[in-house]
Amino acid sequence: MGRAPSGSGGGPAMLRIQTVLALSTQEAIGKAQRAGDLAQLSIPDVVIERPKSADWGDYATAVCLALARDARLAPIEIARRVVQHFPAVDFVGSVSVAPPGFINWTLDTGWLQRQVDEVLQTGEHYADVDLGHGRRVQVEYGSANPTGPLHMGFGRNVVLGDGIANVLAAAGYQVQREYYVNDAGTQMGLFAQTLYARYAQALGEDVPVPDQGYMGQYMIDWGREIADQYGRQFLGIPREEAVDRLKQIGLHEKVLTNVRADCLALGIHYHLWFHETTLYQQGQFEKVMSILKENGLLVQREGATWFAASHHDPALKDEVVVRSNGLPGYFASDIAYHYNKLVERGFDWVIDVWGADHQGHVPRMMAMMRGLGLDPARLTLVLYQLVTIKQGGEDIRLSKRAGTLVYLSELIREVGADAVRFTLLSRAADSQMEFDVDLAKEQSDRNPVYYVQYAHARMASLLREAEERGFSGQDANVQLLVHPAEITLIRKMVELGEVIEKAAVNLAPHHLTYYAQELATIFTLFYRDCRVLPRKTGETGASAQETAARLQLVRAAQVILARTLRLMGMGTPESM
RNA sequence: GCCCCAGUAGCUCAACGGAUAGAGCAACGGCCUUCUAAGCCGUCGGUUGGGGGUUCGAGUCCCUCCUGGGGCGCCA
């Protein structure tokens, strides 16, 4: 699976902390060598990590452990010598060495305090990172066969895709969000045939549903609705024409209306709904066929036209592009569509979000890229493992054709949009997830999503009351923020940029959900330990200056938490 | 049979090849005359599916076996 092409990092104003630490460490190693403290040997990549325990510090590197063998020196001794040559860095409060040879850094308290003002001045873009340098990336997600309402499984698709898009946008990419409407082909035909049958049946006609048709109750409902709205008119015209009309009505008035509503409920907004049929109307299909033909990658066999994937890689199987019935298959559309994305529209990078049931397509998609003369690195296929559903203690197999579905809309209605987003986002794409619908409904109150939002509501409530009581926080001196709970909160706030970077580089927005919980927890501890507003009646509590400084801290924390919630596509409630 | 993904606490899941494997939920015991108790504190919980290997160091990489999910269509 692809990763974001890595940039040199660093926001417009400042280099990332980790970059500075890595460069400084290399510098220190070099100085140690020149001073004769360390043997001349090649310096490995300096990887800066966040230590597991906060006791170690804020950042660490294990590079001295890797140096030990060649340097023929105990790693801890190497670390001691390197640290002596470490240059002064404004955000570093202290450097220390720990067995077996780690170098640990702690952020400077004054620098941390200043970040409060920094956040308030910069606003929610404080945490932005610039990996993308404005490169144009298209993220295509959703894209379910438009033959029925979205089911729960596609919830994971849209939530993951939207999360990736959000995170890339925060990481300096110019992001286009797109939904591919698969409105050509066999499945769409079956859908139309089924809808025609249900429509006719609603009007008392005995028209059977086709063998491979869509058996869900929703088709019966839609047939009935169309019968109610349009009457018998489609029974009076040639059947082929009627099926075609119903296809359009079903697609636009039923399926897409439904899908749009679900996306709207989840707060997902696409830039473009791209229709497969336009690939055949606007020449992309013809174009890619001629390119592939020129490149000698099309072969005729058994009455069909095949893409010779085996030409570049003998391990691959050839793939039918145009079927023996003369109709292009889905792969033809995929080729034309990606030609449109990468060549005609010129996206630097294209990301498709697919369920694991499509994993077999990945090799041939990459073969297609080579076949079109495109760099395969410009296409990333993000696969997520399918969601399995448990309901009533039983595992349910989801199938649109069989009609055994838990609809996304139903889930949103019963569990709530924010809980759906958070839950579906909180697992790594590679992880199979079992969604217990009953449990999700029962436990909605205890879902961590509410904990996170509650922290935001609490901030808002606190700031409201501060305003009512006339505390502004103006002229605050952030240097008064010295309580461990305050400093810990700021530390966590500063981390958001790294979380965004990690999520963007790995196309793994699930990191946001964990960060959000940590931030909410740490804020709640601050709230417990640090009184912000003076008590109304009592004589104890915060001093006026403390109140001002803490109000600024709460404001800044709210900026960070709200940003995190928005990156996850969730609401930022002012009260709960 | 071949290919892809996974297997971590009772459950659902985290953990750039680094230090003592972490959360939430569940269970048990405490805490509201106070800026929101959708909260806080404490307890319980693990031979990271089994076995080999690579490495200074493995939940993470390699091999193998087991289990689960998904592929291997002129459907998408």
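Leaving aside neighbours within four places in sequence, Gln-552 is in contact with Val-116, Leu-120, Ser-472, Gly-473 and Ala-476, where contact means heavy atoms within 4.5 Å. This is a predicted model, in which local features need pLDDT of at least 70 and side-chain atom pairs count only at pLDDT 80 or more, while totals for chains, interfaces and linings use all residues. Residues are numbered from 1 along each chain as its sequence is written, chains are lettered from A and ligands numbered from 1 in the order in which they are written, and side-chain values use heavy atoms, with hydrogens and water left out.

Gln-552 belongs to helix H20, residues 544–567; helices (H or I, at least four residues) and strands (E, at least two) are DSSP runs numbered from the N terminus.

We turn next to the sheets. Strands S8, S9 and S10 form an open sheet in that order, with antiparallel pairing; two strands pair if DSSP finds at least two bridges between them. Strand S8 (298–301) and strand S10 (319–322) stand at the edges with a single partner strand each, so one side of each is left without a neighbour in the sheet. On average, neighbouring strands here are turned by 45° against each other, direction ignored; axes are lines fitted to C-alpha atoms, for helices over the stretch in contact, and angles run from 0 to 180 degrees between N-to-C directions. Strand S9 (residues 304–307) is joined to S10 by three bridges, and Thr-305 has Val-322 of S10 as its bridge partner. Elsewhere, strand S3 (residues 92–98) pairs with strand S4 (residues 102–107) in the antiparallel sense over six bridges. A hairpin of three residues links S3 to S4, and Ser-94 has Thr-106 in S4 as its bridge partner.

Helix H11 lies across S9 and S10, running at about 80° to S10. Asn-340 is part of this helix, which spans residues 330–344, and counts as buried because its relative accessibility is 5%. Its side chain makes a polar contact of 3.0 Å with the side chain of Glu-344. Not counting residues up to four places away in sequence, Asn-340 touches Phe-274, Leu-279, Gln-284, Arg-345 and Gly-346.

Helix H12 (residues 362–371) is mostly covered, with seven of its 10 residues buried. These buried residues include Arg-364, Met-365 and Gly-371. Among the elements that cover them are helix H10 (284–294), S9, S10 and H11. Just after H12, Gly-373 takes a positive phi of about 75°.

Of the 67 residues around RNA strand B, Glu-49, Arg-69, Asn-182, Arg-427 and Arg-535 come nearest, and sugar and phosphate account for 59% of the atoms of RNA strand B that come within 4 Å of the protein. A residue is near a molecule or strand if one of its heavy atoms lies within 4 Å of it. The surface near RNA strand B has 28 nonpolar, 21 polar and 18 charged residues, where Ala, Val, Leu, Ile, Met, Phe, Trp, Tyr, Cys and Pro count as nonpolar, Asp, Glu, Lys and Arg as charged, and the others, Gly among them, as polar. Helix H16 (448–468) is one of the elements that supply at least two residues of this surface, and its nine residues are the largest share. A polar backbone atom of Ala-356 is 3.0 Å from a sugar or linking oxygen of RNA strand B, while a polar backbone atom of Met-576 is 3.2 Å from a base oxygen.

Notes
Buried means under 20% relative accessible area, exposed over 50%, partly exposed in between (1.4 Å probe, protein chains only). A polar contact is a pair of N or O atoms within 3.5 Å; within protein, one must be able to donate a hydrogen and the other to accept it, and residues adjacent in sequence count only if both atoms are side-chain atoms.
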